[in-house]
Amino acid sequence: MKAVVYNGPFDVSVENVADPTIEKPLDAIIRITSANICGSDLHPYEGRAEFDSGMVFGHENMGIVEEVGAGVDRITVGDRVSVPFNLACGTCRNCNDGFTSACLRANPSGQPGAGYGYPQMGPYWGGQAELLRVPWADFNLLKLPEGTEHELDFTMLSDIFPTGYHATELAKVSPGKSVAVFGAGPVGLMAAHSAALRGASQVFVVDFEPDRLALAETFGATAVDLSTGDVVEAIMDATNGRGVDSGVEAVGYQAHDATGQEHPALVMDNLVQVVRATGAIGVVGVYNPVDPGGATEEAKEGRIAFDFGTAFTKGVSIGTGQCPVKRYNRELRDLIIHGNATPGSIVSHELSLDEAPHAFDQFDKRVDGWTKVVLHPAA
Ligand SMILES: NC(=O)c1ccc[n+]([C@@H]2O[C@H](COP(=O)([O-])OP(=O)(O)OC[C@H]3O[C@@H](n4cnc5c(N)ncnc54)[C@H](O)[C@@H]3O)[C@@H](O)[C@H]2O)c1
Ligand SMILES: [Zn+2]
Ligand SMILES: [Zn+2]
(Lines give C-alpha, C1' and ligand atoms only; values in the text may rest on other atoms or scores of the structure.)
(Ligands and ions follow the chains in the order given, each with its own letter.)
Protein backbone atom coordinates (compact mmCIF):
# COMPACT_ATOMS: atom_id res chain seq x y z
CA MET A 1 0.00 0.00 0.00
CA LYS A 2 0.96 3.66 -0.25
CA ALA A 3 1.69 5.50 3.01
CA VAL A 4 3.16 8.75 4.34
CA VAL A 5 6.51 7.76 5.85
CA TYR A 6 8.64 9.80 8.28
CA ASN A 7 12.30 9.91 7.17
CA GLY A 8 13.62 12.58 9.57
CA PRO A 9 12.94 16.21 10.51
CA PHE A 10 11.14 18.11 7.73
CA ASP A 11 11.28 15.02 5.54
CA VAL A 12 8.24 12.87 4.78
CA SER A 13 7.62 10.93 1.60
CA VAL A 14 4.94 8.73 0.12
CA GLU A 15 6.28 5.18 -0.15
CA ASN A 16 5.09 1.70 -0.96
CA VAL A 17 5.09 -0.31 2.28
CA ALA A 18 3.74 -3.72 3.32
CA ASP A 19 -0.03 -4.01 3.73
CA PRO A 20 -1.12 -4.46 7.35
CA THR A 21 -2.56 -7.87 8.21
CA ILE A 22 -4.74 -9.32 10.97
CA GLU A 23 -2.14 -10.15 13.65
CA LYS A 24 -4.51 -10.96 16.52
CA PRO A 25 -8.12 -12.18 16.69
CA LEU A 26 -9.43 -8.81 17.92
CA ASP A 27 -7.86 -6.78 15.06
CA ALA A 28 -9.59 -5.12 12.14
CA ILE A 29 -8.16 -3.68 8.94
CA ILE A 30 -9.66 -0.37 7.80
CA ARG A 31 -9.55 1.02 4.26
CA ILE A 32 -8.93 4.69 4.95
CA THR A 33 -11.27 7.20 3.33
CA SER A 34 -9.99 10.25 5.26
CA ALA A 35 -6.86 10.82 7.35
CA ASN A 36 -6.08 14.30 8.67
CA ILE A 37 -2.79 16.02 9.31
CA CYS A 38 -2.71 17.29 12.92
CA GLY A 39 -0.83 20.07 14.66
CA SER A 40 0.57 17.26 16.83
CA ASP A 41 2.21 15.71 13.74
CA LEU A 42 4.28 18.87 13.48
CA HIS A 43 6.13 18.15 16.75
CA PRO A 44 7.93 15.07 15.29
CA TYR A 45 7.96 16.67 11.81
CA GLU A 46 10.01 19.56 13.22
CA GLY A 47 12.26 17.19 15.17
CA ARG A 48 10.81 18.41 18.47
CA ALA A 49 9.68 14.90 19.47
CA GLU A 50 11.86 11.90 18.68
CA PHE A 51 10.27 9.62 16.07
CA ASP A 52 11.63 6.50 14.39
CA SER A 53 12.32 6.91 10.69
CA GLY A 54 10.24 4.51 8.64
CA MET A 55 7.15 5.04 10.80
CA VAL A 56 3.87 5.76 9.02
CA PHE A 57 2.22 9.00 10.16
CA GLY A 58 -1.47 9.55 10.94
CA HIS A 59 -3.63 9.34 14.07
CA GLU A 60 -6.82 11.03 12.78
CA ASN A 61 -8.38 8.23 10.78
CA MET A 62 -11.69 7.03 9.41
CA GLY A 63 -12.73 4.55 6.74
CA ILE A 64 -14.48 1.33 5.84
CA VAL A 65 -13.81 -1.99 7.57
CA GLU A 66 -12.06 -4.28 5.10
CA GLU A 67 -11.35 -7.34 7.23
CA VAL A 68 -11.89 -8.47 10.84
CA GLY A 69 -10.19 -11.04 13.07
CA ALA A 70 -11.96 -14.14 14.35
CA GLY A 71 -12.75 -12.56 17.74
CA VAL A 72 -14.43 -9.41 16.41
CA ASP A 73 -18.24 -9.57 16.55
CA ARG A 74 -19.69 -6.06 16.98
CA ILE A 75 -17.89 -4.54 13.99
CA THR A 76 -18.41 -6.15 10.59
CA VAL A 77 -16.82 -5.85 7.16
CA GLY A 78 -18.27 -2.86 5.30
CA ASP A 79 -18.95 -0.76 8.42
CA ARG A 80 -18.05 2.92 8.11
CA VAL A 81 -16.05 3.80 11.24
CA SER A 82 -14.15 6.53 13.05
CA VAL A 83 -10.88 5.45 14.73
CA PRO A 84 -10.15 7.30 18.02
CA PHE A 85 -6.52 8.41 18.18
CA ASN A 86 -6.16 6.66 21.54
CA LEU A 87 -5.48 2.97 21.00
CA ALA A 88 -6.84 1.17 24.06
CA CYS A 89 -7.36 -2.40 25.30
CA GLY A 90 -10.78 -1.86 26.88
CA THR A 91 -10.10 -4.09 29.87
CA CYS A 92 -7.38 -2.48 32.02
CA ARG A 93 -8.09 -0.35 35.06
CA ASN A 94 -7.76 2.98 33.24
CA CYS A 95 -9.87 1.88 30.27
CA ASN A 96 -12.56 0.71 32.70
CA ASP A 97 -12.46 4.14 34.35
CA GLY A 98 -12.99 5.80 30.94
CA PHE A 99 -9.38 6.91 30.53
CA THR A 100 -8.60 5.28 27.19
CA SER A 101 -5.93 7.99 26.87
CA ALA A 102 -3.95 6.18 29.57
CA CYS A 103 -4.52 2.52 28.68
CA LEU A 104 -2.13 0.38 30.72
CA ARG A 105 -1.80 -2.49 28.23
CA ALA A 106 -1.65 -1.10 24.72
CA ASN A 107 1.83 0.46 24.78
CA PRO A 108 4.59 -2.18 24.89
CA SER A 109 6.98 0.38 26.41
CA GLY A 110 4.91 0.25 29.59
CA GLN A 111 4.03 3.93 29.35
CA PRO A 112 0.29 4.57 29.86
CA GLY A 113 -1.41 5.49 26.59
CA ALA A 114 -0.92 4.31 23.01
CA GLY A 115 -1.79 5.61 19.56
CA TYR A 116 -1.20 5.33 15.83
CA GLY A 117 1.81 6.76 14.02
CA TYR A 118 3.04 8.89 16.90
CA PRO A 119 6.19 9.20 19.06
CA GLN A 120 6.09 7.36 22.41
CA MET A 121 2.71 5.85 21.53
CA GLY A 122 3.89 2.35 20.62
CA PRO A 123 4.91 0.60 17.40
CA TYR A 124 1.55 1.05 15.65
CA TRP A 125 1.56 2.52 12.15
CA GLY A 126 -0.66 5.47 11.37
CA GLY A 127 -3.47 5.88 8.88
CA GLN A 128 -2.02 8.39 6.42
CA ALA A 129 -2.04 5.33 4.21
CA GLU A 130 -4.43 3.20 2.22
CA LEU A 131 -4.95 0.70 5.06
CA LEU A 132 -4.73 0.72 8.87
CA ARG A 133 -4.59 -2.09 11.42
CA VAL A 134 -6.79 -1.40 14.47
CA PRO A 135 -6.23 -3.63 17.54
CA TRP A 136 -9.17 -4.34 19.91
CA ALA A 137 -11.49 -3.26 17.10
CA ASP A 138 -14.81 -3.89 18.86
CA PHE A 139 -13.76 -1.62 21.72
CA ASN A 140 -12.04 1.13 19.76
CA LEU A 141 -14.12 1.72 16.65
CA LEU A 142 -17.10 4.09 16.48
CA LYS A 143 -19.74 3.18 13.88
CA LEU A 144 -20.93 5.92 11.53
CA PRO A 145 -23.96 6.04 9.23
CA GLU A 146 -23.38 4.32 5.89
CA GLY A 147 -22.56 6.32 2.78
CA THR A 148 -20.39 9.37 2.29
CA GLU A 149 -22.44 12.10 3.94
CA HIS A 150 -20.72 14.36 6.54
CA GLU A 151 -17.29 12.86 5.69
CA LEU A 152 -15.44 16.08 6.67
CA ASP A 153 -17.41 16.44 9.89
CA PHE A 154 -17.01 12.80 10.91
CA THR A 155 -13.27 12.83 10.21
CA MET A 156 -12.91 15.34 13.08
CA LEU A 157 -14.26 12.74 15.55
CA SER A 158 -10.97 10.83 15.76
CA ASP A 159 -9.19 13.65 17.57
CA ILE A 160 -9.71 17.38 17.37
CA PHE A 161 -13.47 17.69 17.92
CA PRO A 162 -13.39 15.51 21.07
CA THR A 163 -10.11 17.18 22.11
CA GLY A 164 -11.62 20.66 21.80
CA TYR A 165 -14.66 19.43 23.70
CA HIS A 166 -12.46 17.84 26.39
CA ALA A 167 -10.74 21.21 26.86
CA THR A 168 -14.10 22.81 27.64
CA GLU A 169 -14.94 19.95 30.01
CA LEU A 170 -11.65 20.44 31.89
CA ALA A 171 -12.37 24.20 31.89
CA LYS A 172 -15.86 23.52 33.37
CA VAL A 173 -17.72 25.42 30.65
CA SER A 174 -21.48 25.41 31.25
CA PRO A 175 -24.44 27.58 30.15
CA GLY A 176 -23.80 31.31 30.57
CA LYS A 177 -20.06 31.03 31.28
CA SER A 178 -17.43 33.17 29.60
CA VAL A 179 -14.44 31.47 27.98
CA ALA A 180 -11.04 32.51 26.61
CA VAL A 181 -9.49 30.06 24.13
CA PHE A 182 -5.79 30.58 23.36
CA GLY A 183 -4.82 29.23 19.93
CA ALA A 184 -7.05 29.31 16.85
CA GLY A 185 -5.52 26.22 15.29
CA PRO A 186 -7.87 23.32 14.60
CA VAL A 187 -7.99 22.33 18.29
CA GLY A 188 -8.70 25.86 19.52
CA LEU A 189 -11.41 26.26 16.87
CA MET A 190 -13.02 23.00 18.04
CA ALA A 191 -12.84 24.26 21.64
CA ALA A 192 -14.61 27.46 20.56
CA HIS A 193 -17.27 25.44 18.72
CA SER A 194 -17.67 23.18 21.79
CA ALA A 195 -17.93 26.15 24.18
CA ALA A 196 -20.81 27.50 22.08
CA LEU A 197 -22.46 24.05 22.02
CA ARG A 198 -22.24 23.98 25.84
CA GLY A 199 -24.02 27.32 26.10
CA ALA A 200 -21.19 29.75 26.86
CA SER A 201 -22.34 33.38 26.82
CA GLN A 202 -19.03 34.87 25.60
CA VAL A 203 -16.16 33.10 23.83
CA PHE A 204 -12.85 34.85 23.03
CA VAL A 205 -10.32 33.23 20.71
CA VAL A 206 -6.73 34.50 20.75
CA ASP A 207 -4.15 34.04 17.95
CA PHE A 208 -2.19 36.08 15.40
CA GLU A 209 -3.33 34.30 12.25
CA PRO A 210 -6.11 36.36 10.58
CA ASP A 211 -7.52 33.44 8.57
CA ARG A 212 -7.83 31.29 11.69
CA LEU A 213 -9.36 34.14 13.72
CA ALA A 214 -11.94 34.63 10.96
CA LEU A 215 -12.93 30.96 11.30
CA ALA A 216 -13.31 31.43 15.06
CA GLU A 217 -15.86 34.15 14.34
CA THR A 218 -17.90 31.70 12.24
CA PHE A 219 -18.44 29.73 15.49
CA GLY A 220 -19.75 32.88 17.20
CA ALA A 221 -16.50 33.75 19.01
CA THR A 222 -14.88 37.16 19.42
CA ALA A 223 -11.44 37.21 17.80
CA VAL A 224 -8.57 38.72 19.78
CA ASP A 225 -5.53 39.43 17.61
CA LEU A 226 -2.35 39.10 19.67
CA SER A 227 -0.34 41.21 17.28
CA THR A 228 -2.43 44.33 17.85
CA GLY A 229 -1.95 44.87 21.58
CA ASP A 230 -2.20 43.54 25.10
CA VAL A 231 -4.42 40.46 25.04
CA VAL A 232 -4.91 40.34 28.83
CA GLU A 233 -6.09 43.95 28.86
CA ALA A 234 -8.42 43.32 25.89
CA ILE A 235 -10.13 40.37 27.62
CA MET A 236 -10.33 42.13 31.02
CA ASP A 237 -11.93 45.17 29.33
CA ALA A 238 -14.43 43.01 27.44
CA THR A 239 -15.51 41.32 30.71
CA ASN A 240 -15.86 44.57 32.74
CA GLY A 241 -12.65 43.78 34.62
CA ARG A 242 -13.94 40.45 35.97
CA GLY A 243 -12.05 38.12 33.69
CA VAL A 244 -13.45 34.91 32.20
CA ASP A 245 -14.85 31.88 34.04
CA SER A 246 -12.97 29.38 31.89
CA GLY A 247 -9.72 29.28 29.94
CA VAL A 248 -8.51 26.88 27.27
CA GLU A 249 -4.87 26.29 26.35
CA ALA A 250 -4.81 25.03 22.73
CA VAL A 251 -1.29 26.14 21.77
CA GLY A 252 1.26 23.94 23.55
CA TYR A 253 4.95 24.21 24.37
CA GLN A 254 5.86 26.09 21.19
CA ALA A 255 3.85 29.16 22.21
CA HIS A 256 5.46 32.29 20.86
CA ASP A 257 5.04 36.05 20.84
CA ALA A 258 4.11 38.23 17.87
CA THR A 259 7.76 38.35 16.75
CA GLY A 260 7.99 34.55 16.62
CA GLN A 261 10.15 34.27 19.76
CA GLU A 262 9.25 31.11 21.73
CA HIS A 263 8.05 31.49 25.36
CA PRO A 264 6.73 28.14 26.63
CA ALA A 265 5.08 29.76 29.69
CA LEU A 266 3.46 32.67 27.84
CA VAL A 267 -0.01 31.20 27.30
CA MET A 268 -0.30 29.76 30.82
CA ASP A 269 0.79 33.14 32.23
CA ASN A 270 -1.88 34.90 30.16
CA LEU A 271 -4.55 32.39 31.18
CA VAL A 272 -3.76 32.73 34.87
CA GLN A 273 -4.26 36.48 34.43
CA VAL A 274 -7.54 36.41 32.49
CA VAL A 275 -9.34 33.58 34.34
CA ARG A 276 -11.21 34.88 37.37
CA ALA A 277 -10.48 33.62 40.90
CA THR A 278 -11.87 30.05 41.33
CA GLY A 279 -12.26 29.65 37.57
CA ALA A 280 -10.87 26.69 35.61
CA ILE A 281 -8.31 26.13 32.86
CA GLY A 282 -8.24 23.19 30.44
CA VAL A 283 -4.79 22.52 28.97
CA VAL A 284 -4.91 20.35 25.85
CA GLY A 285 -1.96 21.95 24.04
CA VAL A 286 0.93 19.49 24.27
CA TYR A 287 3.87 19.91 26.69
CA ASN A 288 6.61 17.27 26.51
CA PRO A 289 8.85 16.00 29.32
CA VAL A 290 11.81 16.07 26.93
CA ASP A 291 12.22 18.71 24.22
CA PRO A 292 15.71 18.90 22.73
CA GLY A 293 14.72 22.08 20.87
CA GLY A 294 13.29 23.80 23.96
CA ALA A 295 13.71 27.58 24.22
CA THR A 296 15.31 27.43 27.70
CA GLU A 297 17.28 24.86 29.74
CA GLU A 298 14.16 24.27 31.86
CA ALA A 299 11.94 23.83 28.80
CA LYS A 300 14.31 21.15 27.45
CA GLU A 301 13.32 19.11 30.54
CA GLY A 302 9.62 19.95 30.33
CA ARG A 303 9.81 22.41 33.23
CA ILE A 304 7.46 25.28 32.38
CA ALA A 305 7.87 28.18 34.79
CA PHE A 306 4.46 29.84 34.62
CA ASP A 307 2.90 31.99 37.34
CA PHE A 308 1.74 29.16 39.58
CA GLY A 309 1.76 31.53 42.56
CA THR A 310 -1.07 33.60 41.10
CA ALA A 311 -2.92 30.46 40.00
CA PHE A 312 -2.75 29.19 43.59
CA THR A 313 -3.77 32.52 45.10
CA LYS A 314 -6.78 32.69 42.78
CA GLY A 315 -7.69 29.06 43.48
CA VAL A 316 -7.83 28.30 39.76
CA SER A 317 -8.24 24.63 38.87
CA ILE A 318 -6.13 23.28 36.04
CA GLY A 319 -6.90 20.09 34.12
CA THR A 320 -4.58 18.69 31.50
CA GLY A 321 -3.62 15.74 29.31
CA GLN A 322 -4.62 13.81 26.25
CA CYS A 323 -8.27 13.54 25.39
CA PRO A 324 -10.00 10.22 26.09
CA VAL A 325 -11.82 10.34 22.75
CA LYS A 326 -14.29 7.53 23.47
CA ARG A 327 -15.79 9.53 26.33
CA TYR A 328 -17.25 12.04 23.86
CA ASN A 329 -17.19 10.78 20.26
CA ARG A 330 -20.59 9.03 20.22
CA GLU A 331 -22.54 12.12 21.34
CA LEU A 332 -20.47 14.46 19.15
CA ARG A 333 -21.23 12.16 16.18
CA ASP A 334 -24.94 12.53 16.95
CA LEU A 335 -24.65 16.33 17.08
CA ILE A 336 -23.23 16.13 13.55
CA ILE A 337 -25.93 13.75 12.31
CA HIS A 338 -28.68 16.03 13.61
CA GLY A 339 -27.13 19.18 12.19
CA ASN A 340 -26.09 20.83 15.45
CA ALA A 341 -22.31 20.64 14.94
CA THR A 342 -20.23 21.38 11.84
CA PRO A 343 -16.60 20.68 12.76
CA GLY A 344 -15.71 19.96 9.12
CA SER A 345 -16.24 23.61 8.22
CA ILE A 346 -12.61 24.36 9.19
CA VAL A 347 -11.15 22.08 6.49
CA SER A 348 -9.10 24.13 4.05
CA HIS A 349 -7.59 21.37 1.88
CA GLU A 350 -8.71 17.93 0.68
CA LEU A 351 -5.73 16.24 -0.98
CA SER A 352 -4.51 12.89 -2.25
CA LEU A 353 -1.84 10.96 -0.35
CA ASP A 354 0.78 12.01 -2.92
CA GLU A 355 0.29 15.63 -1.94
CA ALA A 356 1.08 14.97 1.76
CA PRO A 357 4.75 16.13 1.70
CA HIS A 358 3.74 19.52 0.28
CA ALA A 359 0.84 19.73 2.74
CA PHE A 360 3.16 19.05 5.72
CA ASP A 361 5.44 21.84 4.54
CA GLN A 362 2.67 24.40 4.07
CA PHE A 363 0.74 23.50 7.25
CA ASP A 364 3.97 23.58 9.26
CA LYS A 365 4.78 27.08 7.97
CA ARG A 366 1.17 28.09 8.80
CA VAL A 367 0.92 29.49 5.31
CA ASP A 368 -2.18 31.63 5.07
CA GLY A 369 -5.25 29.51 4.36
CA TRP A 370 -3.73 26.14 5.42
CA THR A 371 -5.98 25.52 8.44
CA LYS A 372 -6.78 21.81 8.31
CA VAL A 373 -5.69 19.24 5.75
CA VAL A 374 -7.64 16.05 5.04
CA LEU A 375 -5.96 13.35 2.95
CA HIS A 376 -8.11 10.98 0.90
CA PRO A 377 -5.89 7.95 0.12
CA ALA A 378 -8.36 6.54 -2.41
CA ALA A 379 -8.40 9.80 -4.41
N1 LIG B 1 -4.49 16.88 24.34
C2 LIG B 1 -4.76 16.23 23.22
O3 LIG B 1 -5.35 15.14 23.25
C4 LIG B 1 -4.38 16.85 21.91
C5 LIG B 1 -4.96 16.37 20.71
C6 LIG B 1 -4.66 17.04 19.52
C7 LIG B 1 -3.77 18.11 19.50
N8 LIG B 1 -3.21 18.51 20.68
C9 LIG B 1 -2.28 19.66 20.75
O10 LIG B 1 -3.04 20.86 20.72
C11 LIG B 1 -2.20 21.92 20.25
C12 LIG B 1 -2.91 22.66 19.14
O13 LIG B 1 -3.11 21.79 18.03
P14 LIG B 1 -3.49 22.39 16.61
O15 LIG B 1 -3.67 21.25 15.67
O16 LIG B 1 -4.58 23.37 16.75
O17 LIG B 1 -2.09 23.10 16.30
P18 LIG B 1 -1.61 24.38 15.49
O19 LIG B 1 -0.17 24.39 15.67
O20 LIG B 1 -2.21 24.35 14.12
O21 LIG B 1 -2.28 25.62 16.26
C22 LIG B 1 -1.66 26.32 17.29
C23 LIG B 1 -2.05 27.80 17.15
O24 LIG B 1 -1.55 28.50 18.28
C25 LIG B 1 -1.18 29.78 17.85
N26 LIG B 1 -0.31 30.42 18.84
C27 LIG B 1 1.04 30.34 18.96
N28 LIG B 1 1.45 31.07 20.02
C29 LIG B 1 0.33 31.62 20.57
C30 LIG B 1 0.11 32.48 21.68
N31 LIG B 1 1.12 32.94 22.44
N32 LIG B 1 -1.18 32.81 21.99
C33 LIG B 1 -2.22 32.38 21.21
N34 LIG B 1 -2.05 31.58 20.13
C35 LIG B 1 -0.79 31.20 19.83
C36 LIG B 1 -0.56 29.55 16.49
O37 LIG B 1 -0.54 30.74 15.71
C38 LIG B 1 -1.49 28.46 15.91
O39 LIG B 1 -2.55 29.02 15.14
C40 LIG B 1 -0.90 21.26 19.83
O41 LIG B 1 0.03 21.36 20.89
C42 LIG B 1 -1.31 19.82 19.62
O43 LIG B 1 -0.22 18.93 19.76
C44 LIG B 1 -3.50 17.90 21.86
ZN1 LIG C 1 -4.42 14.94 16.13
ZN1 LIG D 1 -6.58 -0.46 28.58
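Which residues is serine 201 in contact with, leaving aside its neighbours within four places in sequence? I looked this up in a predicted model, where local features need pLDDT of at least 70, side-chain atom pairs count only at pLDDT 80 or more, and totals for chains, interfaces and linings use all residues. I number residues from 1 along each chain as its sequence is written, and chains are lettered from A and ligands numbered from 1 in the order in which they are written.

**Entry: serine 201**

I found Gly176, Lys177 and Ser178 in contact with serine 201. Contact is scored when two C-beta atoms, placed from the backbone, lie within 7 Å. I place serine 201 in the loop between helix 6 and strand 9 (202–207). Helices (H or I, at least four residues) and strands (E, at least two) are DSSP runs, numbered from the N terminus. Serine 201 counts as exposed because it has 12 C-beta neighbours inside 10 Å. The scale I used: buried at 20 or more other C-beta atoms within 10 Å, exposed at 12 or fewer, partly exposed in between, with C-beta atoms placed from the backbone. I also checked threonine 278, 77 residues apart from serine 201 along the chain; their C-alpha atoms are separated by 18 Å.

**Entry: helix 5**

I counted 10 of the 11 residues of helix 5 as buried. Among them are Phe161, Tyr165, His166 and Leu170. The buried residues pack against helix 6, strand 11 (244–249), strand 12 (275–283), strand 13 (317–320) and helix 12. Lysine 172 follows helix 5 and has a positive phi, near 55°.

Next I took the pair of helix 5 (residues 160–170) and helix 6 (residues 186–197). They pack at about 60°, with axes 7 Å apart. The contact includes Ile160 and Thr168 of helix 5, and Pro186 and Met190 of helix 6.

**Entry: domains**

I read two domains from the assignment: domain 1 (2–159 + 325–375) and domain 2 (160–320). Their bounds come from an automatic or database domain assignment. Their centres, taken over C-alpha atoms, are 26 Å apart. I find 24 residues of domain 1 in contact with 22 of domain 2. Helix 12 (residues 329–337) gives three residues, the largest share of the domain 1 side.

**Entry: valine 205**

I looked at the largest nonpolar core, which has 121 residues; Val205 is one of those touching the most other members. Such a core is a set of buried Ala, Val, Leu, Ile, Met, Phe, Trp, Tyr and Cys residues joined through C-beta atoms within 7 Å. Not counting residues up to four places away in sequence, valine 205 touches residues including Val181, Ala192 and Leu213.

Definitions and conventions: Axes fitted to C-alpha atoms, helices over the stretch in contact; angles between N-to-C directions.
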